[in-house]
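This report walks through selected features of one protein chain. The sequence and structure come first.

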Amino acid sequence: MQAAKLRESLGHPVIDADGHWLEYGPVVVEAMRKIGGPTATQAVTTNGGRVGRSLRMTPEQRRRENVAQEAFWGAPTKNTRDRATAMMPRLLYERLDEFGIDFAILYPTMGLGLPRVNDRESRIAACSAFNTYCAELFDPLRDRVTPAAVIPMHEPEEAIAELEHAVGELGYKVVMLNSMIDRPVPAIEESNPSAAGLVRWFDMFGIDSAHDYDIVWEKCRELGVSPTFHRGSRGRAFRMSVSNFCYNHIGHFAAASEAVCKALFLGGVTRRFPDLNFAFLEGGVGFACLLYADLINHWEIRNRDALSFTDPGNLDLEVLDELVEKYGGTEMVDAVKERRSISTRNDANTIGGIEELDDYSRCEIATKRDFLDLFVERFYFGCEADDSSNAWAFNRRFNPLGAQIKALFGSDIGHFDVQDMAGVLPEAYELVEEEKITDRDFRRFVFENPVKFWGETNSNFFEGTRVADQASVLLSN
């Protein structure tokens with residue numbers, strides 16, 4: 001079914017929660033130079049240089065330096081009009097009806113890497129300059145398209161400063177916060193400074209963070225923006241093939257999203273900010289369904305009360321001695337007598353020196369149904385049209401407590417996995433045609449969930465857009 005015809009038959013708008021545009025390098029670099037000077041420009045060239053360097057190396061060279069195979073031919077070319085559409089937002093704007101899309105949130109491509117630059121000065125300058133450039137570029141298109149601002153997160157203060165600049169001064173409604181901040185390992189930095197850049201740990205904000213990021217979430221709430229995360233884990237740990245890009249690419253967004261989502265949840269962020277929505281993009285919803293179920297399962301066996309089943313202090317040593325004497329044999333009897341330290345309760349040597357034994361303490365969970373408020377209601381997950389696991393989100397029999405995980409339709413137009421921009425919406429609708437989800441589920445996927453994600457945080461988000469009336473009705477119910 002053609003996208004425009006399908007859209008007409010739906011009876012409700014379609015909101016693209018994660019489209020992309022392809023910045024044209026020479027134009028962006030020149031704009032960055034004019035706005036942010038050489039410091040901002042340096043971040044652009046540094047970020048792009050990593051991929052280019054990998055592609056100029058042979059597999060043997062990459063193996064020697066432990067460098068991952070990057071994507072070659074990473075943008076659509078066979079359909080020249082689609083390629084041009086990805087590069088020029090005005091052309092995309094004109095073709096939205098052809099794609100069956102009423103309103104689109106566009107994320108950058110080159111700009112995705114700017115908040116990841118480790119040099120503080122150039123990172124901050126680049127994000128500020130890029131957001132200034134995009135605000136002006138997209139301003140004439142705001143009734144049907146809105147761009148995402150890129151927000152650095154290495155330190156809470158720089159995130160707050162750019163949130164105030166992008167949202168407060170430039171008028172952005174969508175923000176993409178950097179995640180997976182790679183930081184030097186203190187012991188390595190102290191003992192072998194020259195190797196500090198080679199050994200990193202990843203800060204996920206919610207637990208064990210180098211900083212308290214609650215002031216960032218508070219600023220997001222104050223400004224009325226829902227944090228979105230759009231970062232993968234390609235080229236990290238188990239995604240380090242020197243010769244196979246697909247090996248590195250498959251699952252990398254899901255892995256990174258799971259890490260951040262899990263850290264925010266266990267860090268109690270959704271408990272402390274119950275009116276703030278968070279989205280994790282391009283990783284699909286399959287991992288989210290599994291994570292949701294696994295968090296519940298672990299809570300049932302590792303919550304404060306459940307830990308009594310494994311507390312060494314509850315072991316009846318007299319009964320144990322009797323059973324060992326009867327069934328254990330001489331060697332075990334002697335070994336048990338020698339290791340009477342088993343009776344030591346909460347010894348720091350056996351619990352890693354932690355003070356709070358309940359890993360869910362920050363969540364303040366009283367009953368299993370708290371997971372509905374703390375996870376299901378607050379977390380949204382960006383899904384591409386060709387992902388068959390999208391159906392899991394809506395399967396109440398599959399998900400614990402009869403939950404529907406909140407999936408967001410994301411076209412990913414502009415990137416190599418979209419061979420035909422006009423085919424994205426029909427491809428997503430195939431789940432309905434195959435009776436894996438209902439029309440009601442599809443409405444949630446492409447309209448209701450995006451409206452609630454952004455509209456619950458900012459009731460004026462869709463004001464002045466093509467979908468303003470329908471969004472207002474939905475948010476008022």
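## Arg123 and its surroundings

Arg123 touches Leu114, Pro115, Val117, Asn118, Pro152, His154 and Glu158, leaving out residues up to four places away in sequence. The model is predicted. Arg123 belongs to helix α6, which spans residues 120–138. Its relative accessibility is 2%, under the 20% cut-off, so Arg123 counts as buried.

The side chain of Arg123 reaches the backbone oxygen of Val117 at 2.7 Å. With Glu158 the contact is side chain to side chain, at 2.8 Å.

Arg271 sits in helix α12, residues 269–272. Is Arg271 buried or partly exposed? Its relative accessible area is 29%, so Arg271 is partly exposed.

Neighbours within four places in sequence aside, Arg271 is in contact with Arg362, Cys363, Glu364, Ile365, Asp370 and Leu374. Two backbone oxygens lie by its side chain. That of Cys363 is 2.8 Å from a side-chain polar atom of Arg271. That of Glu364 is 3.0 Å from a side-chain polar atom of Arg271. Ile160 is another matter: Arg271 and Ile160 are 111 residues apart in sequence, and their C-alpha atoms are 21 Å apart in space.

## The sheet

Eight strands form an open sheet with parallel pairing. Their order is β1-β2-β3-β4-β7-β8-β9-β10. Which strands stand at the edges? They are β1 (15–20) and β10. Each has a single partner strand, so one side of each lacks a neighbour in the sheet. From one strand to the next, the twist averages 30°.

Strand β4 (residues 174–177) pairs with strand β7 (residues 227–229) in the parallel sense, over two bridges. Within this pairing, Val175 has Pro227 of β7 as its bridge partner. Helix α19 lies across β1, β2 (103–107), β4, β7, β8, β9 and β10. It runs at about 105° to β10.

## Strand β9, between two partners

Strand β8 (residues 278–280) and β9 run parallel and are joined by three bridges. On the other pairing, β9 and strand β10 (residues 406–410) are also parallel, over five bridges. Tyr380 takes part in both pairings. It is the bridge partner of Ala279, and its own bridge partner in β10 is Lys406.

How many of the six residues of β9 (residues 379–384) are buried? Six of the six are, so the strand is largely enclosed by the rest of the structure. In general, side chains in a regular strand alternate between the two faces of the sheet. Here both faces are covered. Phe379, Phe381 and Cys383 are buried on one side. Tyr380, Gly382 and Glu384 are buried on the other.

## Aromatic pairs

The structure holds 30 aromatic pairs. One of them is Trp217 with Phe278, an edge-to-face pair at 5.5 Å centre to centre and 80° between the planes. This pair links distant parts of the chain, 61 residues apart. Trp217 lies in helix α9 (residues 214–223), and Phe278 lies in strand β8. Trp217 has a relative accessible area of 0% and is buried. Phe278 is likewise buried, at 0%.

Another pair is formed by Tyr429 and Phe442. Their ring centres are 5.0 Å apart and their planes stand at 85°, over the 60-degree cut-off, so the pair is edge-to-face. This pair too links distant parts of the chain: Tyr429 is in helix α18 (residues 424–433) and Phe442 is in helix α19 (residues 439–455), 13 residues apart. Both Tyr429 and Phe442 are buried.

## A lysine over a ring

Lys173 lies over the face of Phe461, at 4.7 Å from the ring centre.

Definitions and conventions
Residues numbered from 1 in each chain as written. Predicted model: local features only at pLDDT ≥ 70, side-chain atom pairs only at ≥ 80, totals over all residues. Heavy atoms only, no water. Buried < 20%, exposed > 50% of the residue type's maximum accessible area, 1.4 Å probe, protein only. Helix = DSSP H or I, 4+ residues; strand = E, 2+ residues; numbered from the N terminus. Pairing = 2+ DSSP bridges. Phe/Tyr/Trp six-rings, centres within 6.5 Å; stacked < 30°, edge-to-face > 60°. Lys NZ or Arg CZ within 6 Å of the ring centre and 35° of its normal. Axes fitted to C-alpha atoms, helices over the stretch in contact; angles between N-to-C directions. Contact = heavy atoms within 4.5 Å. Polar contact = N/O pair within 3.5 Å; in protein donor to acceptor, adjacent residues only side chain to side chain.
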